[in-house]
Amino acid sequence: ETMLRWSDGQPNRGVNSETLQWMASELEKRSNGDLGVEFHWGGALFKSKSAVKGVGTRSADIATIIAAYTPKELVAYSVGDIPLPNSDVWVGMRAMYELATTHPALKKMFDDLNLVYLTNLSTSAIEILCKDKFINTLDDLKGVKMRAVGPYGRIFKDLGADVARLSQAKVYNALDSGIVECNQNYMYSIEVFKQNDVAKKLTKLDWGQHLAFGVVMNKETYEGLSDANRQVLQEVSSDFIDQFARRIQEANIKALERMTSGDSPLEVAEMDPNEKAKLEKMGFDTVPNWIERANDAGLPGQDIFDSYMALVAKYEKIRDEKGYPWNN
Amino acid sequence: MEQLDLPNERSQGHRGVDPAFLVWLENAGVVVSSITIVILAGVITTSVVGRTFFGSMIPDDLVISGELMVTLVALPWAYITAERGHIAVELFTNWVSDRARIKLDILAAVVGLAMIGPLTWATGIALWQAIDYGSYFDGEFFLPEWPGRSMFFLGFFMMLIRLFLILAEDIARLIYNGKTEKGRK
Amino acid sequence: MDPFLLGICGFAIVIILLALRVPIAFCLGSVAVACTFLFYAWPHGGEFNGSAGWRSATTILTSNSYDFVHSFELTMVPLFILLSQVAYHAGITTDIYNSARVWLARVPGGLAIASILGCGGFSAITGSSVACAAAMGRICTPEMLKAGYGQRLATSSVAVGGTLGSLIPPSVPFILYGIFTETSISKLFLAGILPGIISLVGYIIVVLIWVKMSPSEAPQFSEEKKPGDRRRAALKAWPAVLLFLIIVVGIYGGVFTTTEAAGISAVTAIFLGVMMRRLSFASFILSLRETAYQTAMIFMIVFGAKIFVSFISLTGVSPWLIAQVQAANVSDWIVIAILCLMFLVLGMFLDPIGILLLTLPVSIPLVENMGLDLIWFGVIVVKLLEIGLITPPVGLNAFIIKAVGGKDIQIHSIFAGISRFLIVEVVILVMLLLFPILSLLIPNTMY
Ligand code: NA
Ligand code: NA
């Protein structure tokens with residue numbers, strides 16, 4: 001029996017950890033008990049920041065990686081964090097999965113880091129929760145004290161928001177006391193952090209998602225597995241995408257239902273479509289920056305981006321024609 | 001851990017083998033660390049004042065704070081080590097002879113080396129990799145990782161050298177039967 | 001090697017090295033480094049492979065040192081230390097004491113009560129109990145001795161009062177507890193306020209009873225007084241009040257975060273010191289050097305502990321312990337009682353931060369597993385650590401008072417004095433255990 005040491009920077013709560021545990025139990029089941037998993041949650045072994053190095057040096061066999069923590073090392077993979085109007089979880093994850101497992105630049109990047117890419121995660125679509133206003137137009141962002149992160153945060157900042165970078169765990173307090181008025185978050189996560197207790201206006205932005213967020217394995221560990229077990233690993237990793245996409249969509253829907261009912265419900269609005277188009281245009285305008293950063297790292301930036309967009313289109317088509325796999 | 005609050009305590013610290021350059025460097029470590037604290041307080045205050053009154057903040061202030069933090073934490077270590085200022089439990093060993101005391105000092109230095117040696121190596125490797133990859137932080141300016149990592153490595157490296165000197169000195173004290181001991185309580 | 005056996009051996013070696021006067025940071029760090037290396041180099045049932053083991057261990061070492069400390073949030077540790085250093089050097093501490101002293105001149109044991117109140121006031125602007133004892137010990141103990149107070153009362157009241165330093169916010173132990181357990185630091189700060197005040201009142205009651213029973217311990221103190229002295233003295237304490245308001249109102253009034261409050265209050269203290277011409281350039285530099293020194297020393301221990309925590313996570317000792325406790329099927333109260341006893345025993349020998357970091361990896365999973373409130377448990381832990389500061393044989397606060405008080409002071413008379421406060425400490429501890437509301441009332445009403 002092979003015991004796989006699995007490190008995750010997040011605590012053992014919520015959709016992510018539940019689906020990762022599903023993956024672990026499937027591995028065990030389908031390998032007839034040959035592949036076991038031992039989780040180390042909450043960064044007990046090493047922090048998310050060290051995940052790339054930690055798996056590369058086999059401190060853990062498997063870990064969750066987040067490109068924002070090691071932007072240079074994972075620059076090719078960070079294409080998934082470009083703010084694009086690609087908010088379908090399943091489409092996004094499938095596109096990233098295929099890109100990471102087939103594009104030569106990404107394969108080489110993971111290989112150089114002594115990693116084998118297993119599967120993808122997603123934050124799901126980005127929404128804006130505010131204490132007492134909706135973001136109907138881009139002008140509504142001017143002067144707003146807002147907690148936001150990453151490339152999305154940079155765009156909010158360009159639109160005149162005062163962007164503060166806080167961890168999601170600190171936002172409740174910050175919203176409650178008025179240190180920030182608005183927060184960039186994801187539907188299920190708003191409820192997990194109970195932010196709907198202190199902020200009641202949700203602008204359903206359904207913008208892009210963070211997709212440079214995946215699971216990797218140490219190369220030697222991978223090569224040490226039997227062919228049969230590698231086969232199992234690949235199957236389970238691919239099935240994970242469907243499983244996770246289904247679960248997180250359900251979690252988002254249920255969270256919205258719960259938050260909009262009850263004594264003190266959340267109010268929901270959508271951004272004006274013309275304004276949202278402008279916002280999406282600003283997201284596209286950041287593409288050249290990303291391509292330049294990838295080119296600086298000696299990577300074919302334009303080609304990676306084009307391949308990614310082609311894959312997004314491919315899976316959108318599959319979804320439109322056949323629906324989600326779990327509905328069939 | 002607050003020996004510094006005790007004005008007379010520091011002079012009791014024992015300094016033996018003291019290459020002037022190292023002493024200067026160790027003191028410089030504390031000075032740079034002190035300056036870093038002022039900068040840190042300044043960055044945070046400016047950031048808050050800016051946000052409250054002008055709606056703008058220092059870009060990448062979180063990354064900068066982290067860089068300042070690793071610097072201010074690491075640089076005084078060699079100085080503290082030279083002063084033999086790390087806290088220990090003295091209770092069970094108060095009654096031992098002077099000679100046994102030197103042996104315990106040797107043990108402490110060896111155990112210290114067993115911790116600091118690997119940490120110096122590991123942080124050195126991490127620094128080398130950060131330079132090799134050109135690692136940077138996510139943020140407004142994609143600030144490079146090497147400055148903070150260099151300071152961190154330097155802190156460990158200076159402490160390592162000091163620990164070796166302390167070990168050599170304690171062994172010498174043991175061989176010459178404690179005669180080189182000066183001013184130790 | 002069997003990871004579990006490695007874990008147990010690791011613990012044992014740490015204890016032996018501690019007893020042999022090896023610095024706490026080195027004990028934890030070296031054993032953690034060696035055991036982590038062995039764990040990877042010599043997998044259970046596998047061949048020994050040194051270079052692979054070493055490569056795996058390096059990530060653990062850098063992640064738990066560099067990645068850990070490269071943090072915006074942790075900057076509050078040096079900044080709160082700077083605040084208390086500046087407050088001491090600028091005489092803000094003395095003002096708190098003086099104002100209490102003038103008001104209490106006619107009360108029996110008034111100077112001792114003033115010292116305890118002074119400690120409570122200084123606690124509100126310092127993050128450390130030992131700093132509190134050191135600062136107040138230098139000011140209050142000589143005053144009391146000069147007024148003819150017995151040595152036991154003059155020293156122990158400050159040693160005990162100093163323990164408020166970490167219970168009343170800001171507090172470095174609460175910060176570290178919050179970081180290690182992922183609980184809200186601002187909630188922990190709020191949770192400490194009421195238990196801090198209860199402790200303070202408890203100490204004052206002890207002094208009143210003590211002085212009632214042996215009046216010679218605290219002779220009536222008469223000072224030449226002019227009309228308006230009281231008012232003037234009270235007004236002079238405004239800088240301390242302002243700094244505390246910045247911390248508490250700033251955080252809970254929504255002006256800034258805890259980390260920012262640390263920065264703003266430190267800068268304000270410097271500004272006040274300079275404006276009132278009470279912080280010379282030399283003492284400003286000294287404050288900075290001491291802050292640098294203390295921060296570096298604390299984090300050296302923290303690193304040792306962090307690496308040790310990772311190693312313990314690797315060995316699986318914590319889940320084993322939880323399983324044992326569940327299998328034993330004992331009541332939660334017995335587990336809590338055992339944990340308290342463990343903290344008290346460790347507190348007799350070790351310093352608070354060492355204990356905190358040594359015990360959290362095993363105690364927190366247990367407490368979490370029982371479904372108990374981690375904020376409440378944080379208050380219990382800090383209270384126990386504070387008691388450890390005044391229990392013999394290693395009572396850091398007693399040593400500090402001895403060190404700042406000079407050679408005429410006997411360590412045994414400090415401990416003899418402290419013994420009179422221990423009963424009330426136990427009563428308060430039991431109250432905090434039985435009535436979690438005492439800790440949770442303020443944080444729950446604020447959130
Ligand atoms: Na305090
Ligand atoms: Na003690």
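The model is predicted: local features need pLDDT of at least 70, side-chain atom pairs count only at pLDDT 80 or more, and totals for chains, interfaces and linings use all residues. Residues are numbered from 1 along each chain as its sequence is written, chains are lettered from A and ligands numbered from 1 in the order in which they are written, and side-chain values use heavy atoms, with hydrogens and water left out.

The secondary structure of chain B consists of 6 helices and 0 strands, in the order α-α-α-α-α-α from the N terminus on. Helices (H or I, at least four residues) and strands (E, at least two) are DSSP runs, numbered from the N terminus. An unreviewed UniProt entry lists residues 21-50, 106-131 and 151-176 of chain B under "transmembrane region". UniProt positions are given in the numbering used here, feature names are shortened, and annotations may be inferred rather than shown by experiment. In the model, residues 106-131 of chain B are 100% helix and 0% strand, with end C-alpha atoms 36 Å apart. Residues 151-176 of chain B are 96% helix and 0% strand, and the C-alpha atoms at the ends of this span lie 38 Å apart. Of the 185 residues of chain B, 52% count as buried, where buried means under 20% relative accessible area, exposed over 50%, and partly exposed in between (1.4 Å probe, protein chains only). Among contacts in chain B (heavy atoms within 4.5 Å) between residues at least 6 apart in sequence, 75% join residues at least 24 apart.

Chain C contains 22 helices and 0 strands. Its radius of gyration is 23 Å, close to the 22 Å that the globule rule gives for 447 residues, so chain C is as compact as a globular protein of that length. The radius of gyration is taken over C-alpha atoms, and the globule rule is 2.2 Å times the number of residues to the power 0.38. Along its principal axes, the C-alpha trace of chain C spans about 85 × 45 × 45 Å. Buried residues account for 64% of the 447 residues of chain C. The accessible surface of chain C comes to about 15200 Å², and 70% of this belongs to carbon and sulfur atoms. For contacts in chain C between residues at least 6 apart in sequence, 78% join residues at least 24 apart. Chain C carries 23 positive and 20 negative side chains, and the centres of the two sets lie 15 Å apart. Lys and Arg count as positive and Asp and Glu as negative, whereas His and the chain ends are not counted; the place of a charge is taken as NZ of Lys, CZ of Arg, CG of Asp or CD of Glu.

Several positions in chain C were examined individually. Thr155(C) is found in helix H8 (residues 151-162) and is buried, with a relative accessible area of 0%. Leaving aside neighbours within four places in sequence, Thr155(C) is in contact with Thr141(C), Ile401(C), Ile409(C), Ser413(C) and Ile414(C). The C-alpha atoms of Thr155(C) and Leu104(C), 51 residues apart along the chain, are separated by 18 Å. The peptide bond from Pro169(C) to Pro170(C) is cis, with omega near -5°, and Pro170(C) occupies the loop between helix H9 (164-167) and helix H10 (172-181). Arg277(C), a residue other than glycine, has a positive phi near 55°. Arg277(C) is placed in the loop between helix H14 (258-275) and helix H15 (281-315) and is exposed, with a relative accessible area of 78%.

Chain A has 12 helices and 11 strands. The radius of gyration of chain A is 20 Å, in agreement with the value near 20 Å for a compact globule of 328 residues. The C-alpha atoms of chain A fill a box of roughly 55 × 45 × 40 Å along the principal axes, and 59% of its 328 residues are buried. The accessible surface of chain A is about 12600 Å², of which carbon and sulfur atoms make up 48%. The 39 positive and 47 negative charges of chain A have mean positions 3 Å apart. Asp206(A), although not a glycine, has a positive phi of about 45°. Asp206(A) lies in the loop between strand S9 (201-204) and strand S10 (213-218) and is partly exposed, with a relative accessible area of 24%.

Terms used:
Areas by Shrake-Rupley, 256 points an atom, 1.4 Å probe, with all protein chains shown as cover.
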